Amino acid sequence: MNNYTNDNSARRYKAHVSIAGISQIHVRNPYIIAWWSAAFPGFGHLLLSKYLRGYALFIWEVIVNIKAHVNLAMIYSFQGNIDLAKEV
């Protein structure tokens, strides 16, 4: 048995050490991050301290929602105006 190989296929890593010696501890539950990312794209990346990618995804989602009028269609469908929602 070789004690120097690390086959960490059964568990997630507790920490990450980069080449520069900077360590980042991962104490977050991956299911929570996945749910935040599914609810609001970019929020999972923000929780993982990946700020540039997180803000880029969040801003992209806002732009797509505004251009596609998704929020207006949701308001019409919540009010029961399904024909107006389909038209939007």
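Start by selecting Phe 40: it's partly exposed, at 38% relative accessible area (buried is under 20%, exposed over 50%, partly exposed in between, with a 1.4 Å probe and protein chains only). You're in a predicted model, where local features need pLDDT of at least 70, side-chain atom pairs count only at pLDDT 80 or more, and totals for chains, interfaces and linings use all residues. Residues are numbered from 1 along each chain as its sequence is written, and side-chain values use heavy atoms, leaving out hydrogens and water.

Rings of Phe, Tyr and Trp (its six-membered ring) pair if their centres lie within 6.5 Å; planes under 30 degrees apart are stacked, over 60 edge-to-face, the rest tilted. The count comes to four aromatic pairs. Among them is Phe 40 with Phe 43, a tilted pair with 5.1 Å between centres and 35° between planes. Bring in Trp 36 and Phe 58 as well, and you have one aromatic cluster with Phe 40 and Phe 43.

Next, click Glu 61, in helix H3 (residues 51–68); helices are DSSP runs of H or I, at least four residues, numbered from the N terminus. Beyond neighbours within four places in sequence, Glu 61 is in contact (heavy atoms within 4.5 Å) with Phe 40 and Pro 41.

Last stop: Ser 77 in helix H4 (residues 70–79). Ser 77 is partly exposed at 31%. Leaving out residues up to four places away in sequence, Ser 77 touches Ile 82 and Ala 85. Its side chain also reaches the backbone oxygen of Met 74 at 2.8 Å.

Definitions and conventions. Helices (H or I, at least four residues) and strands (E, at least two) are DSSP runs, numbered from the N terminus. A polar contact is a pair of N or O atoms within 3.5 Å; within protein, one must be able to donate a hydrogen and the other to accept it, and residues adjacent in sequence count only if both atoms are side-chain atoms.
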